[in-house]
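Work through the exercises below with the sequence and the model open. Try each task before reading its solution.

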Amino acid sequence: MNEFENKAVVVSGTAGVLGEAVGRAFHEAGATVIGIDVVAHSAPFKTLELDLLDLNKTKRAMEALRSIHVLANIAGGFTMGESVAETSDETWDYMMNLNVRTMLNLVRAVVPLMRTSGVGGKIVNVGAHGALQGSALMAPYVAAKSVVIRTTESLAAELKQDGINVNCVLPSIIDTERNRQDMPNADFSKWVPPAALAQIVLFLASASADPIHGAALPVTGLV
């Protein structure tokens with residue numbers, strides 16, 4: 001029996017390339033997957049249209065599921081182009097909402113359920129390898145993903161005594177059609193395939209990762 005069979009797995013951002021890949025990987029591993037995104041979308045698993053910036057709606061949706069064994073916070077995004085001194089409130093808020101607030105609201109909705117269940121759980125977040133240091137024209141994105149990393153560490157310290165593992169992956173460039181269009185002269189073979197990154201998320205959600213708490217795991221391919 002696969003260890004994810006009969007496990008309820010919530011994956012955010014499943015209308016996106018990585019979110020869909022993670023949801024599909026859990027689905028193929030036998031999990032009952034609930035894919036969440038702000039837009040309606042189809043997938044080989046159950047999907048839910050939900051605005052994760054609305055904490056009350058997010059809590060109600062998670063409470064309706066009753067039992068959640070794994071939370072994979074995949075929702076997120078990237079933008080660049082403004083210097084720090086030229087960054088608009090809109091850009092800053094957009095990056096923080098998309099990368100941090102969606103994660104935070106799901107954590108606030110799911111952790112109480114995991115604690116009540118008494119059987120623990122796994123939370124996997126998505127930071128960014130590029131967030132390990134500042135970069136020109138990327139401050140809002142780097143700052144947001146840095147918050148994800150530090151929040152992951154704090155959550156892990158708070159929850160490990162409850163049997164809840166919290167870790168994050170730090171991808172570099174993910175091999176998506178959008179990235180290929182934006183960087184047509186790059187060597188795509190050096191990038192991280194979404195399906196490969198999804199398998200690392202599954203590892204962090206597995207029993208094999210029980211001793212791991214608060215890790216920020218670089219997944220950089222050959223970049």
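**Exercise 1.** Is Arg66 buried or exposed?

Solution. Step 1: recall the classes, where buried means under 20% relative accessible area, exposed over 50%, and partly exposed in between (1.4 Å probe, protein chains only). Step 2: Arg66 has a relative accessible area of 72%, so Arg66 is exposed. Step 3: locate Arg66 in the loop between α2 (55-65) and β4 (70-73); helices (H or I, at least four residues) and strands (E, at least two) are DSSP runs, numbered from the N terminus. Step 4: the phi of Arg66 is near 70°, a positive value in a residue other than glycine.

The model is predicted: local features need pLDDT of at least 70, side-chain atom pairs count only at pLDDT 80 or more, and totals for chains, interfaces and linings use all residues. Residues are numbered from 1 along each chain as its sequence is written, and side-chain values use heavy atoms, with hydrogens and water left out.

**Exercise 2.** Where is Asn6 found, and is Asn6 buried or exposed?

Solution. Step 1: Asn6 belongs to the segment before β1 (8-12). Step 2: because its relative accessible area is 63%, Asn6 is exposed. Step 3: Asn6 has a positive phi, near 65°, and is a residue other than glycine.

**Exercise 3.** Which class of accessibility does Phe78 have?

Solution. Step 1: find Phe78 in the loop between β4 and α3 (89-117). Step 2: the relative accessibility of Phe78 is 46%, so Phe78 counts as partly exposed.
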